[in-house]
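Here are my notes for a first look at this fold. Have it open beside you as you read.

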Amino acid sequence: MPSTFKILLAEDNPGDVRLFREALSSRDLTFDLTVADDGQKALVIVKQACEGVTTLDLIVLDVNLPRHKGDEVLRQIRAEPALSDVPVIVLTSSSAPADRAAATWLGADLFIRKPSDLEELLEVAKIVEDILKRNAAV
């Protein structure tokens, strides 16, 4: 198991980034959170991971990103054989069935609506921890 989990969070809302970081900090995890505040920046980080410049243990995507939407980023991630084992969580405020269907069809491992309260946020952090530890054990 890695000593530090490398997580890419593609999220343009600074408040959501802060809450996500705080929720992860409540878990028994050592993590390095790289934040991309738009889809273009997320794609640059994805490319670096494909080239071996960096590693990723988990990618968390918002659907509604500037410059490239989350589904475009997810499509690129799943087209890269080097990232085939990296879990992708779509974490979004969207409740549109079309967004859920697209995320599933494009290969997201999980589609989660952004939490509306602290208890739900802490549950998302637990899910993230479980995914990271399960994937690291494989």
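1. Start with the sheet: five strands form an open sheet in the order β2-β1-β3-β4-β5, with parallel pairing. Strands here are DSSP E runs of at least two residues, helices are H or I runs of at least four, and both are numbered from the N terminus. Two strands count as paired if DSSP finds at least two bridges between them. The edges are β2 and β5 (110-113), each pairing on one side only. On average, neighbouring strands of the sheet are turned by 20 degrees against each other, direction ignored.

2. A word on where this comes from: the model is predicted, so local features need pLDDT of at least 70 and side-chain atom pairs count only at pLDDT 80 or more, while totals for chains, interfaces and linings use all residues. Residues are numbered from 1 along each chain as its sequence is written, and side-chain values use heavy atoms, with hydrogens and water left out.

3. Next, have a look at β1 (residues 5-10). Five of its six residues are buried, meaning under 20% relative accessible area with a 1.4 Å probe, protein chains only. β1 runs parallel to β2 (residues 31-36), and six bridges join the two. β1 also runs parallel to β3 (residues 58-61), this time with four bridges.

4. Some pairs to click on: Leu-8 has Thr-34 as its bridge partner in β2. Ala-10 stands opposite Ala-36 in β2 and opposite Leu-61 in β3.

5. Now for helix against helix. α1 and α5 (residues 118-137) pack at an angle of about 65 degrees, with their axes 8 Å apart. Axes are lines fitted to C-alpha atoms, for helices over the stretch in contact, and angles run from 0 to 180 degrees between N-to-C directions. Contact (heavy atoms within 4.5 Å) is made by Leu-19, Phe-20, Ala-23 and Leu-24 of α1 and by Leu-121, Leu-122, Ala-125 and Val-128 of α5.

Terms used
Buried means under 20% relative accessible area, exposed over 50%, partly exposed in between (1.4 Å probe, protein chains only).
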